[in-house]
Amino acid sequence: MATPKITIAADDDMSIKPADSSSGPDLGGVYHTRSLSRTRRPGGRRTASRGSHERRSEHLDLEDEDDWLRDDGRKKQVFKGTALLWLAYQSVGAIYGDIGTSPLYVFSSTFTDQPTYDDLLQVLSVVLWSLTIMVTLKYILIILHADNQGEGGTFSCYSLLTRYAHITDRDPREARLVKMERHETQDMRPSNRTFRSTIERSMLTRGLLKTIGVLSVSMVIADGVLTPAQSVLGAVQGLSVVKPDISNPTIVGTSCGILVLLFLIQPLGTTKLATTFAPIVILWLGFNAGFGIYNLAMYDHSVLKAFSPYFAIHFFMEKKTAAWKMLGGILLAFTGVEALFADLGAFSMRAIQISWLSWCYPCLLLAYVGQAAYISAHPDAYSNPFYNAVPPGMLYPSLIVGILAAIVASQAMITAVFQLISQLMKLSYCPQVKVVHTSTKFHGQLYVPFVNWILMCGTILVTCVYSNTTRLGNAYGVCVMFVTFFDTCMVTLASLIVWRLSPYLVFLPWLFFATVDGLYLSSALTKVPDGAWFTITIAGILACIFLLWRFGKENQWRAEAEDRFRPAQLVHRTDDTLDSPLVLGPRWGGGPVSRIRGLGIYFDKTGVLTPTVFTQFVSKFGTVPDAMVFFHLHPVEAPSVPSSERYAISRISAVPGCYRLVVRHGFMDEVITPDLAALIYEQVRNFVIRQASGGGDDDEEPSSPQTDDVDGHAHGHANGVATGAGCQADEEEAQVKRTAPKQTGRNRAVVALGDEATKAELGRLDRAFAAKVMYVVGKEQMRIKAHPSSFLRRIILTTFLWIRENTRAKIANLRLAMDRVVEVGFVKEI
């Protein structure tokens, strides 16, 4: 059978063009999902991280070494110059809509009747200092530093702790890819060392940290359901300023229509939405600042005294319990601060700091001071402080901008929910759902379609049921304060374990912020009977689902642990010849293993050790194909993978004719598989030729001229990276390879075919591919072990298995030739 022509396009190194049909069929490759016509972009070649070599297991055979494993996890992006300013501009539109619209209702939510001058001054002082302490000092200057490779949020902080302390179990498939940075014992203070070891040894503490991390995510998601309904309803109700007789059904119907539109445009991505929303929020905050300056000049500038903490302190000293209850309204001044931290992954710490300190913070301070100046002269204006304090002639412009700002206010929470769901999936607390990266430049900007539609349905349901902002407002604030308190505790742990600060330096700041959090949280809890029970219930249900999924995954990992062994333990040959008979290992009865004609491609979900589907196939049928490839798709936290680093191939020496092929692809790449077998066959064939000719990682690829670089440079393995034991040499051989002149692809092929062993190996591969191709995939089913004394455990695992069955990926999505697919079913007990 003639070898078909292979067209493999390198999306980072050459323009992508559809293959000419006259030159042979397009057999597959990895392409960029957004375009099939792109020009070359400059970019340096990445090298395997030192950590990947340090993580090798010494007990493995050489062919199973994880040379293809690299530090492919998320990298923290650092932006400077215009890119940083652009991100700061975007962050205004995506983050500050919620906290920026608080001037609409803070004073009206705090006061129940006309305030006296002293009451007004004291409440204003508490508002100003709450913004300063809770947002500027706590979040902007401290908590934003506790990121996990650029990601933010309480759960991200928990993920950061798991890299610096042994406080969680990991999926065996992902454990080798996690960049552990646990400090050496001798590098820590005795007090920090003791603290870390106590946490690591205490199952209760580990479980508590896990629960806090999951519960905080659940509470942000619960607020993500509530915030769009609250903000859009409030915006539409604002029309009553100019049309008092507007009916409630009209308000609800209009709100639902706006909400549907808001969620329909989410697929556009964070960059486009934030860029569009930013002018609205900037203009809204500018209006607030301008109106504040106007009211200070026209009415009562003496309210500037509220910047003194004296008035805030006397607020609590004079009013005591009444002051504590009023905190439930004052905390609305900084609702949305939890989204500020959670949205960190979509932007960056510096961008958020710039946008807050340079624009949002000053504008909000002027807004509250200006409203207080107006209320000082017109005490009855507290019921609608923003619109009552609008300067003459600015009512309609401010109404339009205010409605638009209130509508986009929910974007902060929607973006935060996307970020947090992505973090949950990485640590196996949530079923895998589709995640779309919406930007090639800003890697943390995400869109999760399934979550988007669930949020839309939830917000519409809440809007219809509650129908007005007064009832919704009672549910507001509790989750925010729980999350801010959890953030305080998590960042304190990070300062001890990650930053290695002295406990004496950490304790007083923690006590101060925890006390402030506790005051607001205890006040907000008084709203529970009036409506806050709703968000707490949603958060509790979500937390139970996430913890249930994690419990099921941990049981699944334990059940699959028995399949983690070397290929040589499963099957081995009786002598050293290429055609040596194969026999099963003693664990499987030691019977002979026959050969069948054809190329078997076994889908491997780990990329190391022996694929479970191969184990099941060999042990059940007692046969193997003439040629076998363990095929693994490995996602990389980058937009695209250069062609020179895309393919990693190694030889499994225990089984003649067996290879491992790993395809590394970025989140903007799509593996196109009109004929996956031909792509795999060509990559393996080129690998065999390279090995026979003594080719190393720096040799050129013996491929068609189509793989030449457009700038005239040759690719190193233009479409494959040979790694593993088969390409390892001792130091002397490596020196020879470095000094010897490089061979061309044609000369290398001639040298390889001159070797009898290589000729026989290539002949076996060619005959197998010509005979037939099988795609062998596993179908893992699970059943629950009999535990008569644990009825609750059975219910939890039954629910887990039901969710797993309805969310697992389908083999049909790979677009394989279905007549070549062989599905091997097997059952595991959990």
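This is a predicted model: local features need pLDDT of at least 70, side-chain atom pairs count only at pLDDT 80 or more; totals for chains, interfaces and linings use all residues.
**Aromatic pairs**

- The count of aromatic pairs comes to 34, and in one of them the ring centres of phenylalanine 334 and tyrosine 520 are 5.2 Å apart with planes at 85 degrees, so the pair is edge-to-face.
- This pair links distant parts of the chain, since phenylalanine 334 sits in the loop between helix H13 and helix H14 while tyrosine 520 belongs to helix H22, 186 residues apart.
- Phenylalanine 334 is likewise buried, at a relative accessible area of 0%.
- Elsewhere, Trp284, Phe287, Phe291, Phe386 and Tyr387 are linked by ring pairs into a cluster.

- Glutamate 637 and lysine 426 form a salt bridge whose closest N and O atoms are 3.7 Å apart; glutamate 637 lies in the loop between strand S7 and strand S8 and lysine 426 in helix H18, so the pair ties together parts 211 residues apart in sequence.
- Both partners are partly exposed, glutamate 637 at 26% and lysine 426 at 35% relative accessible area.
- Arginine 685 meets aspartate 766 in a salt bridge of 3.0 Å, N to O, and aspartate 766 is partly exposed at 25%.

**A buried pair and its network**

- Arginine 804 and glutamate 780 meet in a salt bridge of 3.0 Å, N to O, where arginine 804 counts as buried at 9% relative accessibility and glutamate 780 counts as buried at 6%.
- Salt bridges with shared partners join Glu560, Lys605, Glu780 and Arg804 into one network.

Technical notes
Residues are numbered from 1 along each chain as its sequence is written. Side-chain values use heavy atoms; hydrogens and water are left out. Rings of Phe, Tyr and Trp (its six-membered ring) pair if their centres lie within 6.5 Å; planes under 30 degrees apart count as stacked, over 60 as edge-to-face and the rest as tilted. Helices (H or I, at least four residues) and strands (E, at least two) are DSSP runs, numbered from the N terminus. Buried means under 20% relative accessible area, exposed over 50%, partly exposed in between (1.4 Å probe, protein chains only). A salt bridge is a side-chain nitrogen of Lys or Arg within 4 Å of a carboxyl oxygen of Asp or Glu.
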